Amino acid sequence: MTNVGNSAASRDKAFYLHPYTNLKTHETVGPLVIERGSGVHVFDDSGKSYIEGMAGLWCTSLGFGEERLVEAAARQMRKLPFYHSFGHKAHDPGIDLAEALIGMAPVPMSKVFFTSSGSEANDTVVKLVWYHNNALGRPNKKKIIARQKGYHGVTVASASLTGLPHLHRDFDLPIAGILHTDCPHFYRYGEDGETEEDFAIRMANQLEQLILAEGPDTIAAFIAEPVMGAGGVIVPPASYFDHIQPVLKRYDILFIADEVICGFGRTGSMFGSQTFNLKPDIITVAKALSSAYLPIAAVMISEPIYQTMVSQSEKIGTFGHGYTYSGHPVSAAVALETLKIYQERDIVGHVRSVAPTLQQGLRRFADHPLVGEVRGVGLIAGVEIVADKVTKAPFDPKLAIGGHVARFAQDHGLIVRAMGDTIGFCPPLVITAAELDDLVDRFGKALDATLAMVTEKGLA
Ligand code: PMP
């Protein structure tokens, strides 16, 4: 083995293949090594502190030092570090968590299936939808409609649902039978003279056109995040889902709500489905389910879906799907404690009380020369950077302006995420108003630094 040096950065470059990273750039810039966390802050290996403005990957809702979760994990590890739930086996944390989730679901749900990640949860959903329609004797009703810019994961099926070209390109995706309808982003795709309401109706009409063109008997399900996250924090028009849902009903199409980001308080209700009045048949959750302290995700299904599945299982035998770590007891124990904390601390009430500090704070930048749109709800927000505010023209993607903003923010002790030229904010839900003010101020400095760079280089 060649000598790679002792620093964490050099060993990282030598051995670590980074997920979702520009591999070539990484060879030069190397990693930001995060060593520890406390509250809404993380600290790198030089001791510098950052506000974690993205809660990691939209997930550490309780921040970085929740001792009760540490204790819950340790207690469960000592008692029963692993057991599975194949072949009729069960354990208390899994049962308790399933009961808790059904008890808090935004619409009546019947059963919970556990996975370790959001991708696995959405992958499971694809299989359940197929299984369901086979059980109903509808072998041709199998296609699933997702949306451009939707994000549902990276496994073969869930990456196919994801509507981002760079997750498909060169991976031979999407798989057959996955379709993408329009992205409900009024700022970008609204037409001249169109109101948001007109736009929402047009989105629903275009969905219906797609269904009719494909043949309604071939369409099994539609999947949507209440607020699109990784596609650029896209908040749909208020009535968008009110127009979409009747179309699905008309053609007997299941509605899957991907609550992987929105679930557990993010949008100012316990579920994004409540904020946007969704009545899904299937819900996936992950991330904040355990405040990301351990990997766990879940799929909730309605009673009618369960009934068709159980009748199929009666006919063909074992329901042949499950993961070694489905409902891992330590993850489940941590998730249960997380849900308890949300209740005890009224996390939804807290989000509602501090959200205006983030939303109004960021809207202060609406007049900034680089800012095209500020959008968001609850404690999730996006700021879209543009080259021309009037025409909404973006910068040349090669300039990676969003990446520059994120790097300047990092210089000012704030971690945010650039999704193209939209900067995402999704701080831990426990963040205080004072910390949000601090976050907004730091972001303002990053915007000004970017403007200075753009001006100096004559880019706009
Ligand atoms: N759905 C949504 C809405 C997500 O944001 C994500 C992850 N960012 C996923 C699914 C996939 O989850 P995971 O990364 O845990 O596989």
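Mentor: Gladly! Domain bounds come from an automatic or database domain assignment. Here the protein is divided into domain 1 (32-65 + 346-456) and domain 2 (68-344). Residues are numbered from 1 along each chain as its sequence is written. This is a predicted model, where local features need pLDDT of at least 70 and side-chain atom pairs count only at pLDDT 80 or more, while totals for chains, interfaces and linings use all residues.

Trainee: What separates the centres of domain 1 and domain 2, taken over C-alpha atoms?

Mentor: The two centres are 27 Å apart. Two residues are in contact if their C-beta atoms, placed from the backbone, lie within 7 Å. By that rule, domain 1 brings 25 residues to the contact and domain 2 brings 24 residues.

Trainee: Which elements give two or more residues to the side of domain 1 that touches domain 2?

Mentor: Helices (H or I, at least four residues) and strands (E, at least two) are DSSP runs, numbered from the N terminus. On that side you will find H3, helix H14 (347-363), strand S11 (371-377), strand S12 (380-385) and strand S15 (422-425). H14 gives the most, with 5 residues.

Trainee: And which residues come nearest to the ligand?

Mentor: A residue is near a molecule if its C-beta atom, placed from the backbone, lies within 6 Å of it. Of the 16 residues around the ligand, the nearest are Ser117, Gly118, Ser119, Gly153 and Val260. Helix H3 (55-58) and helix H6 (118-135) each supply at least two residues of this shell, and H6 gives the most, with 3 residues.
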